Amino acid sequence: MLNLEGVHAYYGYIHALKGVSLKVEEGSIVTLLGANGAGKTTILKVISGVLKASSGSVTFLDHDISKLAPEKVVSEGIVQAPEGRQIFPELTVIENLQVGAYTRRDKKNIKSSYQIVFDYFPILKERQDQLAGTLSGGEQQMLAIGRALMAKPKVLLLDEPSLGLAPLIVKDIFKIIQEINAQGTTVFLVEQNANQALAISDYAYVLETGKITVEGKASEIKEDPKVLQAYLGGH
Amino acid sequence: MNLLKNKAVQYTILAFVVALIPLLLDINRSTLTLWNMVIIYAIIAIGFNILLGYAGQISLGHAAFMGLGAYIAANLTGNLELPFLLSLVLSGLIPMVIGLILGLVALRLEGHYLAIATLGFGVAIQQVFKEWTAFTNGFSGVRADNPVIFGLEISEREHYFILGMIILLLLVLFAHYLLKSKTGRALLAMRDSEHAAQAMGVSLFKYKLIAFAASAFYAGIAGGLFMHLIRFTEPNAWGITLSLNLLAMVVIGGLATIGGSIIGAGFIVMVPEFIKDIEFLASIKSFATIFTGFAMIFVIMFFPHGIARIGTQIKIALLNRRNSRVDKGKGGAPNGRSKG
Ligand SMILES: Nc1ncnc2c1ncn2[C@@H]1O[C@H](COP(=O)(O)OP(=O)(O)OP(=O)(O)O)[C@@H](O)[C@H]1O
Ligand SMILES: [Mg+2]
């Protein structure tokens, strides 16, 4: 569904991606693991059109999206919940969700999307008129995911959704990601929390300083000694 | 009853009531000139608030757009003898086009860099006002006539006040509906997080241009109205002091509120006048400017949401106090943003 082929990307002179190829199959959850600074967020930036690849191709449903402006990529159905959540602190919860529906043309169905989001995250319904900046970290992450869902994504990109959250909340969030996927949304998950991410994923990639070094079925990656050592605390 | 709750209806009624005050009371001409100035600065402040308060883009050069509006109005009605209303619209539209260019600059620069660039823009345009004598008549300045609308000459301040109020009302309503719409939310989203706004499909290109264009349009209209009220202008009027006053208006009045922009304009125009009447303070050179500076610091420190929201701020503080007494800790903070 979403394909990257030999993607190179630079920040000025910094060569951040050095020939990345990966595939996200329709209906699956694919995880991208990697240490700080490996280039995970950069891959998402290239997919969403914020950073242009210097070479290589990015295709979605068999057409080239590498030249599209970020807002066009969203209209194509690729939507992300960015790193560090980045909710709009001075908008209310409901207004944040409204911005999420920004590119939607099917105005009539937007109402039912709120319902879907509130079904996944009942707390957001309770807090709907509260300023998003006053939510707890976990609630903000839920809002960031909910906001992305409002755009009715075909592929949902999640950049470290577990970052800085208590283990119990992380568990909840991963469960909901699984549910979202079960309802038909393809998920591309960027994580450092390898254990939990692999537990819900079908396929996984490991990125090291701009290159994919390991890939395979999530269940196999979990057993890979190299990955075990680097990302799973060496047990 | 429901109609009265509608913000647009409230604005309209208020505008008409205030517009009639000078006709009913006997107010001297110089006071009415000040009131007219409040309207004019309210217009530019609303535009500037769209830029700073809603879109989160700084400009320290917006005096240039107002000056441009003034000179365009003078030239179009004076030299080209265009009708006043047409010339007024053009004195908004031409700066708007130049505002678009500044918007393009803002796509590449952020924060401090944008502040510096716009400051440079303001200084450069003021220099153009000084040098381009065919357009501005340099330091000798240009004059303009009383406005004539459909054959009626407006020479009394009372009547100019009504004219100004109608234009202010139209621009308030335009801003109100613009900001309430999807556009308003997109601007706020861009202000809060450019990255996330983009991730949601908001085009930074489009909305930065909209914000700069709208604010330049409002500034140009304000300039055109100023020109026909004071009927004289020269380059020194359009410098950094005005750009900074503009910043003070929206910060003191309240960022991202229309009402706050008007309150802020009233504050900045009227306060120096009050100071003038106090002999001891009037003897201190530039006291008004010093006072404005301190007022801005004071407001930022104690009422960061501006004068327009002091009421809401106090209400929330009291509510929080009661909540924390009733049950310690529980319950989210109430919404601290008043609409408007
Ligand atoms: N805007 C930028 N300008 C210059 N270099 C950048 C920029 N953003 C990222 N980099 C560099 O590119 C490399 C990859 O960064 P990236 O943000 O993609 O890492 P990441 O895998 O997402 O890390 P983390 O887990 O910490 O989020 C890093 O070396 C980083 O310093
Ligand atoms: Mg990252």
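Residues are numbered from 1 along each chain as its sequence is written, while chains are lettered from A and ligands numbered from 1 in the order in which they are written. Because the model is predicted, local features need pLDDT of at least 70 and side-chain atom pairs count only at pLDDT 80 or more, whereas totals for chains, interfaces and linings use all residues.

Chain A contains an open sheet of six strands with mixed pairing, in the order β6-β7-β8-β3-β9-β10; helices (H or I, at least four residues) and strands (E, at least two) are DSSP runs numbered from the N terminus, and two strands pair if DSSP finds at least two bridges between them. The edge strands, each pairing on one side only, are β6 (78-81) and β10 (211-217) of chain A. Neighbouring strands of this sheet are turned by 20° against each other on average, direction ignored. Within the sheet, β3 (residues 29-34) and β8 (residues 186-191) of chain A pair in the parallel sense over five bridges, and A:V30 stands opposite A:F188 in β8(A).

Helix α1 (residues 40-47) of chain A lies across β3, β6, β7 (155-159), β8 and β9 (203-208) of chain A and runs at about 150° to β7(A), where axes are lines fitted to C-alpha atoms, for helices over the stretch in contact, and angles run from 0 to 180 degrees between N-to-C directions. Helix α6 (residues 137-149) of chain A also packs on the sheet, touching β6 and β7 of chain A, and its direction makes about 170° with that of β6(A).

The contact between the chains takes 28 residues from chain A and 20 residues from chain B, two residues being in contact if their C-beta atoms, placed from the backbone, lie within 7 Å. On the side of chain A that touches chain B, the elements that give two or more residues are α2 (70-76) and α3 (93-100) of chain A.

In chain B, residues 84-106 are 100% helix and 0% strand, with end C-alpha atoms 33 Å apart; residues 209-230 of chain B are likewise 100% helix and 0% strand, with end C-alpha atoms 31 Å apart. Helices α12 (residues 240-253) and α15 (residues 287-302) of chain B pack at an angle of about 30°, with their axes 10 Å apart. This contact is made by B:N245, B:A248, B:V251 and B:I252 of α12(B) and by B:T292, B:A295, B:M296, B:V299 and B:I300 of α15(B).
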